[in-house]
Amino acid sequence: MEFHHQSVLLEECIQALNIRSAGVYVDGTVGGAGHSVQIAARLTTGRLIALDKDPDAVRIARERLAQYPGAQVVQSDFARMTDVLDSLGIDRVDGILLDLGVSSHQLDTAERGFSYLQDAKLDMRMSQTGVSAYDVVNTYSADDLTLILREFGEEKFAWKIAQNIVKAREQGPVETTLQLLEIVKRSVPAALKREGNPGKRTFQAIRIAVNGELDSLSAALDTAFDRLNPGGRFAVITFHSLEDRMVKQKFAALTKGCVCPPDFPVCVCGRKPQGKLTPRKPIEPSEAELERNRRSRSARLRVIEKL
């Protein structure tokens, strides 16, 4: 099976994780194993646990990591990372990487139904199980669709798009990606169409809803940091503002010390920072990477080190 995916911020991630040859690392989104191969190649007695909920990714990652005895691939949502570590008898790790969003393989494989650039049946399921984009578009109420488009796509014309989806359903199911795109195009001002593809926010929102992406990220942010050894690093690549805001806020909370009111003469809470940002600002793709891979343009890498 051909599985093509260009790993974003590859060198920056490897440098940020500060890999030790005997360390234990988790790649929570193995995809095409681009990051994982580079981690595994730097290990001697160390271990790499690579997770993905997409069975296609799991199959190809097992092939690409087969030469590395310290690497193990597990089909799982990274939200259940701590459960996987417990099942493997691993208490603490030295680094965790999450490369969020959708892979090039998922976007470019038309039948997966992720892309508004190719016509295919609506699907968008990373795990290839459960509720699909077809189900969301054809069974959710106008109010629920509006909420999804506003919350997960920050779509200004969410209500109009939702109304037109429901109206279109009266004539028959909205079955394909290009059918959905045409509904979006009819729902937004002409000026917006000249700024780029108007379907981007709608497709992003439905994909996030189908895969529970923000719920998974929230669960991982709440639990993963605690599994790090002192000096261990947690690196997260985000691709849109909703993800990035969640990571930024969680990391900020972990680096915060005293929370006493400012008028207290001395600290009584005793709270100490649990981590430090390395570096303080998010890392963005270089000009060379942007030329090589246009899909990297919105990527942001944030890294926190456990104290």
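Mentor: Let us begin with charge. Lys and Arg count as positive and Asp and Glu as negative, while His and the chain ends are not counted. The place of a charge is taken as NZ of Lys, CZ of Arg, CG of Asp or CD of Glu. In this protein, the mean positions of the 42 positive and 40 negative charges are 4 Å apart.

Trainee: On what kind of model do such values rest?

Mentor: This is a predicted model, in which local features need pLDDT of at least 70, side-chain atom pairs count only at pLDDT 80 or more, and totals for chains, interfaces and linings use all residues. Residues are numbered from 1 along each chain as its sequence is written, and side-chain values use heavy atoms, with hydrogens and water left out.

Trainee: How many helices and strands does the protein have?

Mentor: Helices (H or I, at least four residues) and strands (E, at least two) are DSSP runs, numbered from the N terminus. Here there are 14 helices and seven strands.

Trainee: What share of the residues counts as buried?

Mentor: Buried means under 20% relative accessible area, exposed over 50%, and partly exposed in between, with a 1.4 Å probe and protein chains only. Of the 307 residues, 50% count as buried.

Trainee: How many aromatic pairs does a search of the whole structure find?

Mentor: Rings of Phe, Tyr and Trp (its six-membered ring) pair if their centres lie within 6.5 Å; planes under 30 degrees apart count as stacked, over 60 as edge-to-face and the rest as tilted. The search finds two such pairs. In one of them, the ring centres of Tyr 116 and Phe 203 are 5.4 Å apart and the planes stand at 80°, so this pair is edge-to-face. It links distant parts of the chain, since Tyr 116 is in the loop between helix H5 (104-108) and helix H6 (133-139), whereas Phe 203 is in helix H11 (residues 200-211), 87 residues apart. Both Tyr 116 and Phe 203 are buried.

Trainee: Which residue has a positive phi of about 70° although it is not a glycine?

Mentor: That residue is Met 124, in the loop between H5 and H6. Met 124 counts as buried because its relative accessibility is 0%. Gln 128 has a positive phi of about 65° and is not a glycine either. Gln 128 also has its place in the loop between H5 and H6, but counts as partly exposed, at 32% relative accessibility.

Trainee: Where is the cis peptide bond?

Mentor: The bond joins Thr 278 and Pro 279, with omega about 0°. Pro 279 is placed in the loop between strand E6 (275-277) and helix H14 (287-292).
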